[in-house]
Amino acid sequence: MESLGVLLLHPLDTYLEQELDRRCRLLRLWDAPLDRRGEFLRAHASSIRAVVTGGGSGGGGDAALIDALPRLEIIACYAVGFDRVDLTRCRERGLRVTNTPGVLTDDVADLAVGLAIAALRRIPHADRYVRAGLWKANNGHYGLTTQFSGKRVGIIGLGRIGLAIAKRVEGFGCPVSYYQRTRQQQAYPNYTYLPTVVQLAADSDVLVVACSLNEQSHGIVSREVIEALGPRGVLVNVGRGAHVDQPELVAALAEGRLGGAGLDVFEAEPDVPEALMALDNVVLAPHMGSGTRETRKAMSDLVLANLEAHALSKPLLTPVV
Ligand code: GLV
Ligand code: GLV
């Protein structure tokens with residue numbers, strides 16, 4: 001694919017960037033200053049046939065970008081979530097879109113469980129307590145935390161990631177319920193399907209967002225859902241910030257109407273609401289669900305394999321469109 005002109009929208013993985021540089025004709029959007037990017041795109045529009053983008057902050061693939069690139073053929077997402085790509089516009093233009101499902105499932109599920117345990121057992125708080133010398137100052141005393149084993153876990157979205165979370169928490173003796181927009185044809189005898197997210201929240205000690213972001217799931221964790229989860233409930237979000245009514249979440253946590261939260265994603269990341277920083281019942285992570293060396297390598301290889309397949313007019317490995 002030496003002749004394939006590829007535009008990388010923002011720095012992702014060093015290995016991916018090196019391989020793109022070695023195997024294609026790579027352009028980096030950030031080589032142009034912010035106010036010169038339109039000019040940069042116009043100057044290179046005739047050679048850009050592929051765009052590579054991530055899923056979190058800085059991710060792209062909106063109609064403006066697509067329209068600026070008349071020779072574009074494919075958008076390869078270095079992410080499982082492709083919510084930043086305008087699929088309607090891609091379909092109109094006949095563009096292909098790929099993502100990186102499967103290879104990151106275990107890592108995201110691991111982090112979801114880790115955030116739940118960290119929030120309930122207050123592991124980051126305990127770490128700060130020890131480092132601040134408070135353990136010693138308080139004669140070896142530390143307050144009590146809340147058990148995770150056996151807690152009722154509710155999962156929004158029983159896709160690959162949701163299912164991997166369910167399997168993990170089963171090992172902790174947690175009964176699992178789930179909500180799914182389209183009820184799985186497959187039956188899960190060990191998991192209880194609930195028809196609304198409010199019911200799921202009311203029935204859960206820990207509510208986990210593991211679905212993809214789209215029009216239907218935008219704001220799915222509403223004020224009503226947060227109220228139903230309640231002052232002893234914990235919300236874990238490994239989906240997207242926009243799944244949650246964030247101002248309401250912050251208010252509920254600060255006022256004790258919600259017990260705690262473990263958050264890997266935020267509405268306007270990397271901006272995190274200042275009010276969250278002050279709360280000890282919240283565990284914050286920098287959108288790192290798939291951020292292990294092992295998985296980022298596998299995601300990079302999948303992006304490269306999809307581009308390679310496209311360049312050779314072979315079937316794409318993991319097509320979205
Ligand atoms: C990351 O957020 C992803 O969608 O893979
Ligand atoms: C996608 O949403 C997945 O669960 O892998």
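Two residues are in contact here if their C-beta atoms, placed from the backbone, lie within 7 Å. With that in mind, welcome to a set of close-ups of a predicted model.

**Figure 1. Alanine 112 and its partners in the nonpolar core.** Leaving aside residues up to four places away in sequence, alanine 112 touches Ile165, Val208, Ala210, Val236 and Val238. The largest nonpolar core counts 91 residues, and those that touch the most other members are Ala112, Ala116, Ile155, Ile156, Ile165, Val208 and Ala210. Helix H5 (residues 105–120) gives this core its largest share, eleven residues. At least three residues come from each of domain 1 (5–103 + 293–311) and domain 2 (105–284). As background, nonpolar side chains tend to be buried together in soluble globular proteins.

**Figure 2. The whole protein, for orientation.** The secondary structure comes to 13 helices and twelve strands. Along the principal axes, the C-alpha atoms fill a box of roughly 65 × 50 × 30 Å. Of the 321 residues, 42% count as buried. Among contacts between residues at least 6 apart in sequence, 62% join residues at least 24 apart.

Figure 3. The domain assignment gives domain 1 (5–103 + 293–311) and domain 2 (105–284). Their C-alpha centres lie 31 Å apart. Seven residues from domain 1 and nine residues from domain 2 take part in the contact. On the side of domain 1 that touches domain 2, the classes are one nonpolar, five polar and one charged.

**Figure 4. The surroundings of ligand 1.** Around this ligand you will find Gly55, Gly56, Ala79, Val80, Gly81, Leu104 and Ser290. Sorted by class, the shell holds three nonpolar, four polar and no charged residues.

Figure 5. Valine 272 sits in the loop between strand S11 (260–263) and helix H12 (274–277). It counts as partly exposed, because it has 18 C-beta neighbours inside 10 Å. Not counting residues up to four places away in sequence, valine 272 touches Phe266, Met277 and Leu284. Proline 286 is 14 residues from valine 272 in sequence and 9.3 Å from it in space, C-alpha to C-alpha. Proline 270 also has its place in the loop between S11 and H12. A cis peptide bond joins glutamate 269 to proline 270, with omega about 5 degrees.

**Figure 6. Asparagine 139, a residue with positive phi.** Although it is not a glycine, asparagine 139 has a positive phi of about 55 degrees. Look for asparagine 139 in the loop between helix H7 (134–137) and strand S6 (153–156). With 6 C-beta neighbours inside 10 Å, asparagine 139 counts as exposed.

**Figure 7. Histidine 287, with a positive phi in another loop.** Phi of histidine 287 is near 40 degrees, a positive value in a residue other than glycine. Histidine 287 belongs to the loop between strand S12 (282–284) and helix H13 (293–311). It is partly exposed, having 19 other C-beta atoms within 10 Å, whereas a buried residue would need 20 or more.

Key: Residues numbered from 1 in each chain as written. Chains lettered and ligands numbered in written order. Predicted model: local features only at pLDDT ≥ 70, side-chain atom pairs only at ≥ 80, totals over all residues. Core = buried A, V, L, I, M, F, W, Y, C linked by C-beta atoms within 7 Å. Buried ≥ 20, exposed ≤ 12 C-beta atoms within 10 Å, placed from the backbone. Helix = DSSP H or I, 4+ residues; strand = E, 2+ residues; numbered from the N terminus. Domains from an automatic or database assignment. Near = placed C-beta within 6 Å. Nonpolar A, V, L, I, M, F, W, Y, C, P; charged D, E, K, R; others polar.
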